[in-house]
Amino acid sequence: MMQSILTIVVLTSIYAILAGGIVVLYRGTRVLNLAHGELAILLGYLFATAGMQVTGSILGGMAVVMVFSAIFGAGIYWLLMRHLIAQPFYVAILATIGIAILAKASIVLLWGGRAVNIELGANTVLYPYSTGGWFSYLDAITIATAVIFFILLYYALTSTRLGIQFRAVAENPLLASQRGVNVNTIMMVAWIVALFAASIAGVLYGSRSVLSLQAVVIGIGGLTAALVGGLDSLRGAIAGALLVATVEYATVRLIDPILSQAIPFVLLLTVMMWRPWGIFGTREEIQRV
Amino acid sequence: MNFELKRKAVTAGIVMGVMLSSPVRADYQIGFMTDLSGALSDAYTPIWEGFDLYVKALNAKGGIDGEKIVLHTEDDGLNLQKAISLTKKLALQQKVIGIFGLSVSSIHGPVFEELRRLKVPAVTAFSATSDSLAPAKPFSFSTGSLFQIAGEAIGELTPKLGVKGKVVGMTIDTVGGRAALRHNKLAVERVGYGWDEVAFPIQSVDFTPFAQAAAAKNPAIVVGHYGTAQNLGIIPALRRSGFAGPYLIANYGVTETAIEGAAKAAGSGENIYVVSRYAPPQENIPAVEQIRAAAKAHNLKSSLTQVHVEGWVLGMVMHAAVTKCGKGCTAEKLNETLENLNVNTGGLTGGPIVFTKDNHYGASFWRLYKWNNASRKLDPVSEWIRRDGIEFGSL
């Protein structure tokens with residue numbers, strides 16, 4: 001039982017970080033990023049190669065990846081998304097599909113698509129289960145990282161000038177702009193934060209599983225969690241991640257592992273029918289495509 | 001007609017004559033098509049590298065009867081439509097006499113249909129389908145691993161692990177994976193093992209729940225029928241889930257580099273085994289020395305793996321077939337040659353690769369290896385066993 005609970009908590013942590021990035025981006029820019037999984041895996045590859053191999057240390061690797069995240073985030077906004085602001089909302093979503101394709105192509109070009117483990121040296125026993133398995137230091141780091149991520153995010157949004165400006169733009173960009181907030185800067189920061197989140201999730205995922213072209217499906221888990229919890233709610237990102245992780249795990253262990261990727265979508269559809277804006281999301285008018 | 005006009009007419013005639021005359025193609029045109037950029041490129045690229053290495057080494061020695069092999073390589077990216085159009089390009093534009101490699105088995109059927117229409121033979125490596133088994137369909141040959149035969153071979157070799165009890169088979173939810181599990185089950189049950197299985201979606205986020213599900217079935221042995229990415233995720237997850245017993249990799253393109261990575265992530269390289277049709281490149285035989293020498297001479301960037309050996313052996317098959325076909329070899333003649341071919345691989349497989357008119361797969365040989373973490377290589381645990389087709393039931 002303990003093994004199951006802790007496994008769900010670890011999976012929740014990764015989904016929550018991914019969903020948190022999607023939510024931050026949506027709140028700040030009203031863009032639903034369908035490239036989140038691809039970007040997470042791409043940044044994971046960068047950590048494993050340019051980061052770890054060049055700097056020789058985990059912290060050095062993370063610093064490299066954070067720099068790349070900032071460059072990619074700023075680049076995506078200034079070179080692409082900024083020009084789509086006045087367009088219908090679905091244009092920006094389609095643009096993220098293009099970003100996803102580019103990210104996957106980059107993985108193939110730079111690493112030949114080969115599968116890569118990230119070795120953090122933390123897979124050792126922290127707490128042995130009675131069944132013979134163990135809760136590892138890596139599992140603890142994953143959970144701790146998610147907790148710290150959301151604490152820092154909450155602090156930034158509620159107690160910093162930038163965070164308050166972000167919330168103003170999220171609430172009403174026109175009014176915020178008229179009050180002197182640089183909306184472009186805030187939206188760029190939203191993209192950078194989203195990519196920070198993606199890079200953290202990519203590194204944690206690559207450490208406990210494997211980075212590969214197939215691994216980009218992790219973005220669907222994060223997206224499902226964000227949609228279930230509410231696209232504009234960080235609290236919802238955590239709740240959605242917990243729900244998705246629990247349903248996925250329970251399906252594997254109690255029903256049939258084959259259905260583990262399908263059942264979370266049943267959860268999503270159920271929530272969408274009941275509360276289309278998500279469990280903790282803001283009730284909004286639904287625009288039909 | 002004045003002189004200037006005559007001069008221009010003669011010049012034009014000479015130019016047209018040169019352009020329209022068919023170039024004499026003395027070299028052998030060979031096609032190679034596989035996934036070099038898609039989701040399974042890490043599995044198929046070493047096959048191409050091994051084949052390409054063989055061609056380079058062959059050409060360096062003067063080719064076949066003084067004629068070089070011209071290798072036309074195409075990347076299907078695991079896309080079926082692309083594979084079919086590249087097949088046509090290779091056959092009709094590049095005029096290859098044979099196509100080697102191919103990628104995932106689900107693409108083989110339509111590609112083989114096209115090749116039959118074009119009357120160009122194909123020899124696959126890595127993946128194989130029933131098209132090459134007796135009674136073989138025309139123009140389809142294979143030196144790869146047919147899932148059903150691989151499953152049975154693994155079942156036959158399981159007792160060599162020296163452990164009794166329940167075998168839990170794991171696979172991704174594909175036709176091939178399910179077929180491998182089915183035949184693995186029949187083979188191990190015949191020698192007294194219990195059986196259970198866990199199948200999971202091809203694109204899975206976290207392998208931990210599946211590993212825990214497998215460990216919860218209290219296996220004595222776990223067998224994995226999938227590729228590199230899944231092994232890299234499942235092996236550490238299985239160990240974290242409490243399973244420390246023998247883990248057997250069915251070698252569908254899993255390289256020693258991947259095994260080393262999985263062992264590192266798992267914190268231990270103990271109890272990892274591989275069943276393969278091909279010898280690893282550390283064996284002390286002359287054929288392996290040739291591969292090493294070629295890799296050095298032609299600056300192969302990747303580390304040599306068992307999968308490169310598979311590509312090299314495919315090159316040997318091509319070499320033997322084209323040599324026997326002789327000068328002026330056409331696609332149809334090459335097909336006839338392939339239908340009566342016996343290739344001695346010098347110990348790289350457990351026995352010769354033999355194709356006949358009725359059987360384009362022939363007998364296959366399999367061996368059990370144990371991963372040696374200290375020396376980072378595969379040590380043989382058993383002798384080669386021979387499998388003649390599928391033993392248990394139908395496909």
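**Chain B in outline**

Helices (H or I, at least four residues) and strands (E, at least two) are DSSP runs, numbered from the N terminus. By this definition, chain B has twelve helices and 15 strands. The radius of gyration of chain B, taken over C-alpha atoms, is 23 Å, close to the 21 Å given for 395 residues by the globule rule, so the chain is as compact as a globular protein of that length. That rule is 2.2 Å times the number of residues to the power 0.38. Along its principal axes, the C-alpha trace of chain B spans about 95 × 40 × 40 Å.

The model is predicted: local features need pLDDT of at least 70 and side-chain atom pairs count only at pLDDT 80 or more, while totals for chains, interfaces and linings use all residues. Residues are numbered from 1 along each chain as its sequence is written, and chains are lettered from A and ligands numbered from 1 in the order in which they are written.

**Burial and contacts**

A residue is called buried if 20 or more other C-beta atoms lie within 10 Å of its own, exposed if 12 or fewer, and partly exposed in between, with C-beta atoms placed from the backbone. Of the 395 residues of chain B, 56% count as buried. Two residues are in contact if their C-beta atoms, placed from the backbone, lie within 7 Å. Among contacts in chain B between residues at least 6 apart in sequence, 71% join residues at least 24 apart.

**The five-stranded sheet**

Five strands of chain B form an open sheet with parallel pairing, in the order β2-β1-β3-β4-β5; two strands pair if DSSP finds at least two bridges between them. Its edge strands, β2 (69-75) and β5 of chain B, each pair on one side only. Neighbouring strands are turned by 25° against each other on average, direction ignored.

Between β4(B) and β5(B) there are three bridges in the parallel sense, and B:A122 stands opposite B:S140 in β5(B). Helix α2(B) lies across β1 (28-34), β2 and β3 (98-101) of chain B, and runs at about 165° to β2(B). Such angles run from 0 to 180 degrees between N-to-C directions, and the axes are lines fitted to C-alpha atoms, for helices over the stretch in contact.

**A buried phenylalanine**

The loop between β4 (122-124) and β5 (140-142) of chain B holds B:F126. This residue is buried, with 29 other C-beta atoms within 10 Å. Leaving aside residues up to four places away in sequence, B:F126 touches B:A43, B:Y44, B:I47, B:G144, B:S145, B:G253 and B:E310.

**A parallel pair and its crossover**

Strand β6 (residues 166-172) of chain B pairs with β7(B) in the parallel sense over seven bridges. In β7(B), B:D196 is the bridge partner of B:V168. The chain passes from β6(B) through helix α6 (residues 175-190) of chain B to β7(B) in a right-handed β-α-β crossover, where the path from the first strand over the helix to the second runs clockwise with the strands pointing away from the viewer.

**The enclosed helix α9**

Eight of the eleven residues of α9(B) are buried, so this helix is largely enclosed by the rest of the structure. Among the elements covering its buried residues are α8, β10 (272-276) and α11 (306-325) of chain B. After α9(B) comes B:G267, whose phi is positive, near 85°.

**The side facing chain A**

In chain B, 34 residues are in contact with 33 residues of chain A. The elements giving two or more residues to this side of chain B are α2 (41-60), β7 (194-200), α7 (208-215), α8 (228-240) and α9 (256-266).
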